[in-house]
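The following report looks at a few residues in turn, with their placement, accessibility and contacts.

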Amino acid sequence: MTGGDIIESEMTVASDGTSVTDLTGLLEQVARRLHSQGYAAQLFPAQWSALRYLHTAPQHLRTAIDLARHQGLASGAVARTVRTLIEKGYLSKGGTIGRGRAERLELTDRGVLLLKKDPLRIIGRSLESLSDEERAIFAKGLRAAIGATRGEGVPKRSAPRRVKPPALSEV
């Protein structure tokens with residue numbers, strides 16, 4: 001994104017007056033708060049993500065390589081995450097899967113208990129108040145943001161309401 005893109009985005013506002021800059025600022029606040037609350041349990045975001053994935057993934061996909069694919073990360077980084085979670089007592093190795101190359105990862109009782117304190121649970125409860133339409137719109141925006149961070153480009157959008165920039169004499 002160039003400086004010009006940022007200025008143009010600041011000019012695009014919703015009917016309620018919320019600008020794109022406002023939205024990105026709110027998203028940043030949520031991310032920082034989740035990081036802070038998650039670290040209160042001495043875990044980094046990637047570690048929380050690993051626990052969540054392993055809690056919900058089908059049994060045959062509970063491996064470090066499948067976790068790496070899910071997170072879009074290199075297997076070395078994920079191996080360190082898994083090793084740390086095992087050392088902290090949140091995960092254990094549960095034998096091999098398939099041809100014996102991949103080790104199944106399992107949440108320990110301590111890991112399951114920790115997930116009950118997952119900072120995302122608070123966010124989930126707050127989103128329950130949204131209507132189906134609001135959830136669909138929110139999900140579309142989050143998917144677009146995730147795609148942008150993956151370098152997938154900016155999706156086409158419907159015609160925005162533009163705010164006319166102030167005249168130089170007004171500045």
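## Asp118

At 7% relative accessibility, Asp118 counts as buried, a class defined as under 20% relative accessible area, with exposed meaning over 50% and partly exposed the range in between (1.4 Å probe, protein chains only). Asp118 is found in the loop between α6 (109-115) and α7 (119-127), where helices are DSSP runs (H or I, at least four residues) numbered from the N terminus. When its neighbours within four places in sequence are left aside, Asp118 is in contact with Trp48 and Arg52, contact meaning heavy atoms within 4.5 Å.

## Basis of the model

This is a predicted model, in which local features need pLDDT of at least 70 and side-chain atom pairs count only at pLDDT 80 or more, while totals for chains, interfaces and linings use all residues. Residues are numbered from 1 along each chain as its sequence is written, and side-chain values use heavy atoms, with hydrogens and water left out.

## His35

His35, in helix α2 (residues 20-39), counts as partly exposed because its relative accessibility is 37%. Leaving aside neighbours within four places in sequence, His35 is in contact with Phe44 and Pro45; the C-alpha atoms of His35 and Pro45 are separated by 6.2 Å, although the two residues are ten apart along the chain.

## Phe138

Phe138 is found in helix α8 (residues 132-149) and, at 39% relative accessibility, counts as partly exposed.

Conventions. Helix = DSSP H or I, 4+ residues; strand = E, 2+ residues; numbered from the N terminus.
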